[in-house]
Amino acid sequence: MGTDSYGLSRVVGEKGVLPQRARKLDPSLPCREAEMLIDVESLNIDAASFKQIKDDVGGDPGRIAQRIQDIVLERGKMQNPVTGSGGMLIGRVKELGAKHPAHGVLKQGDRIATLVSLTLTPLVIEEVKAVHADIDRVDIRGHALIFASGIYAKLPEDMPDTLALAALDVCGAPALVARYVRPGMTVAVLGAGKSGALCLAQARRSLESRGKLLALDISQKALDALSAIGLCDEALKVDATQGVDVMEAVQKATGGPLCDLVVNCASVGNTEMASLLSVKDGGTVIFFSMATSFTTAALGAEGVGKDVTMLVGNGYVPGHAALTLDLLRTEPSLRQLFEARYV
């Protein structure tokens, strides 16, 4: 794949820097030969980023919209300068460059969700139409450019866009859980939001009724919703920023041995030690939270003498979109939960 397939020509003033790391991108038209032009309808801002923005501006929808517009105007992409994270978008194919690999796969007018981060996606917002603070989404009028290397999913016809978008936003998480969970394991999922619910559903499927599945969150309401549809064997109401308290709760729930695998889907910072202290020596922690400090995680594991494999969930696993949409299609109670929360 040629270097321009990664969008290097869109980086402003930093030679050799990839778009995700760049301070600023050039989102101007026309669409270039290895790009796809999208008419954008909605941005699904990642949970950590949206929470930071919402908290910083006091929750006012107008100020949330303005902050997002300011970031995009300054950077040519949606990359929160505090969290460093972005999200994804939904829109309609407007133009395919002559050398974009979607030729023969997509056509003008097809509706897609991008599965690459907004942190590397050249973006222009002409108008923010609505802010949906409860589901971390803003509806906009604008355009985005997807490089040849950018992954995407054609939106399914058997579910609402909002439902598909909510699931596809975090589809790398359950796909990686499917890779690592085996029957007989004790698994804990930290965070009861979108990615947490999908990870629990996949873990339950992969455990094949052998093992134990724990859900951890600070919200009793969120935990009750997961318990009500059988997504966990035990729900633990904990503050994940209090690592020792979480460890003690997990010890009690497991009878002492702790977990083989901990999946961190928290949307707040300072949850690294809760994950590390809850896993057995020789176990694995998967960090999906964009609020994770990997320096803290590495030094924290060393500091407590924990022999643990730490994985960074990068959002892409081959087949991740199909796996996640299949979970919604084959788990009616999970789909109902997502429809109640995100549609």
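This is a predicted model: local features need pLDDT of at least 70, side-chain atom pairs count only at pLDDT 80 or more; totals for chains, interfaces and linings use all residues.
Which residue forms a salt bridge with Arg-67? Residues are numbered from 1 along each chain as its sequence is written, and side-chain values use heavy atoms, with hydrogens and water left out.

**View A. Salt bridge between Arg-67 and Asp-56.** The closest N and O atoms of Arg-67 and Asp-56 are 2.8 Å apart (a salt bridge is a side-chain nitrogen of Lys or Arg within 4 Å of a carboxyl oxygen of Asp or Glu). Arg-67 lies in helix α2 (residues 61-75) and Asp-56 in helix α1 (residues 47-56), 11 residues apart (helices are DSSP runs of H or I with at least four residues, strands runs of E with at least two, numbered from the N terminus). Arg-67 is partly exposed at 27% relative accessibility, as is Asp-56 at 45% (buried means under 20% relative accessible area, exposed over 50%, partly exposed in between, with a 1.4 Å probe and protein chains only).

**View B. Salt bridge between Arg-205 and Asp-326.** The N to O distance is 3.4 Å. Arg-205 in helix α5 (residues 194-207) and Asp-326 in helix α10 are 121 residues apart.

**View C. Salt bridge between Glu-234 and Lys-212.** The closest N and O atoms are 3.4 Å apart. The pair links strand β9 (residues 234-237), which holds Glu-234, to strand β8 (residues 212-217), which holds Lys-212.
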